[in-house]
Each structure stands twice: as C-alpha cells, then as structure tokens.
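Please look at the sequence and the structure before reading on.

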Amino acid sequence: MAITAQDVNKLRQETGAGMMDCKKALTEANGDFEAAKDILRKQGQKIASKRADNATSEGIVLTHVSEDGKNGKVIALACETEPVSKVADFQTLAKAAMETAVSTNAATKEELLAAPQADGRPLQDHITDLMGKIGEKIEVVSYQTVAAEKVVNYNHSNGKLGVLVGLTNTGGTDVEEVGKDVAMQIAAMNPIAVDKDGVDSATVEREIEVGKEQARAEGKPEQMLEKIAMGKLNKFYKDNTLLNQDFVKDPSVSVAKLLDNTSKGMTVSEFKRVAIG
C-alpha cells in the first residue's frame, strides 16, 4: 500500500523517530501503525545490543529534594557524546526519569527503570526507544537517594555532577546555606566517607601498609613503622573524610566544626556524590 507523508508524520509524532525511519517502518509493516511501532522499538533494541560495551562519559545529572526537605534523589542519565546530551529529547527523558523517581519514590535503580510511564510501558523501554532514534547507548548510570532531617542538594554548573547531603541535629536552625556549602565541599573535594568510621577496612589496611613501606623506604627503624603508618593514616582521614576535611571556604575550621558552630551537635548523616565522566 502507498505510504503518505501524513502517515509518516503521524508515526513520527507518536514515536519521535526520524522521518526516514518512520517511512521505512511503515513500508515494512504495510502501513500497520502498531506493527511499525514494534519495528522501531526493535531498532532501539538492536542499537542497545550493538553498543552495549560502549562507554557513556557524557550526559546529565539531576537532583531533587522533597518540599519538606527530608528526601533527596539524584539521577545520572548518560550517553556517549556531548552533542546527544544537549538534544531536547535526551533532556526531556532525564526529566521524565526524575519525575518518575519522585512520583513512585523508587528505592533502587531497578525499581526506577521498571516504573511505568504514561503509556504503561516501563522507563527502560523509553530509554531503549530513544537509543533507536539517536543511535547511541543511553543508560541510567546512577540513581541514589538520601533521607535525613534536612537534605540539601547541589548541581554543578557543567550539569554532570550532583550532590545530596543529609544533615541531622539541626536544632530547628535554617541550615540551607551551610548545607549548600557542605554540598559544594563534597563536589570539590570528593570525600570517600562521612567520617573515618565509614572507611572500609580494606582501604584502611592498604593505607597502613603503604605508610609502612614509605617509612621503610625512608630508612626509618622497624619498631617505628607502625606508629609512623598510623600518623599517615590519620592524615589520610583528614584529607579524605568529609567531617575531618578543612572547610574549603575557611581552612581554619574543619567541616565538623563548621556544622557544630552553626547548630550545636549538627552533623552529616550521609551524602551522595554522582558524576558523569
């Protein structure tokens, strides 16, 4: 049967696929719109399979905090190239993913990807559809949540880094500003844990061994190696755990001291730092 321009345009409006792809799909489906949609979806699945091992180093990171300030979410939707990350359909998909996360309160990335959209199909299907349209690998590389007495978010200007920080013992004080400062600290300094208690044992053991080897290479006596290594470990904690870091805006105080000065006993319960690239 003859495929008209109106038919092609209608399919394009319904699927967002390119004009030529729509025409080919309609031709292959003998004008059957539902069959043509299935063809386009399979095209996306083929792209997904073919590019499964491709690196996704571009994209967008979005954050959201609930109106009561107690729950935060961060999503990273990644693609292969920067131009695709700027495409309206990609940006719209990222926003739709966040809206789905908020409306369903998805606890994990798997729950988010399985959550139905307005057409009843899961979010993952819409991601696959866009892969077929754009021809690149697209994936949710991270989805994290934070629940706390007060959650503050920060989005870096490049659109590829987002932070959520959870504060506790705020004492009813307005802590939005200091929370934003701490979130920016996390973005800039990339701590590995809130405090030393959050550093995994394997990392601690490795740092101690490295400290010993360094001291040994410097000719220090064997009986001093353990003490020297512990000193180096404490320096590692100071540089790499959030509460022990010097506050970037005022190195005369630690982040822990900054928070305590703002509201006695206030601290960070958890944080999430998500970056693409």
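Asn30 is exposed, with a relative accessible area of 57%. Exposed means over 50% relative accessible area, buried means under 20%, and partly exposed lies in between (1.4 Å probe, protein chains only). The model is predicted: local features need pLDDT of at least 70 and side-chain atom pairs count only at pLDDT 80 or more, while totals for chains, interfaces and linings use all residues. Residues are numbered from 1 along each chain as its sequence is written, and side-chain values use heavy atoms, with hydrogens and water left out.

Asn30 sits in the loop between helix 2 and helix 3 (33-50). Helices (H or I, at least four residues) and strands (E, at least two) are DSSP runs, numbered from the N terminus. Most residues other than glycine have a negative phi. Asn30 is not a glycine, yet its phi is positive, about 55 degrees. Asn190 is not a glycine either and has a positive phi of about 50 degrees. Asn190 lies in the loop between helix 8 (176-189) and helix 9 (201-217), and it is partly exposed at 41% relative accessibility.

## The two faces of helix 2

Which residues of helix 2 (residues 19-28) are buried? They are Cys22, Ala25 and Leu26. These residues are on the same side of helix 2 because they cover an arc of only 95 degrees around the axis; the arc is that of the directions from the helix axis to the C-beta atoms. The face turned away from the buried side carries the exposed residues Met20, Lys24 and Glu28.

## Nonpolar cores

A nonpolar core is a set of buried Ala, Val, Leu, Ile, Met, Phe, Trp, Tyr and Cys residues joined through side-chain atoms within 4.5 Å. The largest one has 23 residues, of which Val165, Val182, Leu259 and Val268 touch the most other members. Two or more residues each come from strand 4 (150-155), strand 5 (161-168), helix 8, helix 11 (255-262) and strand 8 (267-275). Helix 8 gives the largest share, 5 residues. Another core, of 22 residues, lies apart from this one and includes Leu62, Leu93, Leu123 and Val140.

## Phe247

Phe247 belongs to strand 6 (residues 246-247) and is buried, with a relative accessible area of 7%. Leaving aside neighbours within four places in sequence, Phe247 is in contact (heavy atoms within 4.5 Å) with Asp181, Gln185, Val253, Ser254, Val255 and Leu258. The C-alpha atoms of Phe247 and Leu93 are separated by 36 Å, and the two residues are 154 residues apart along the chain.
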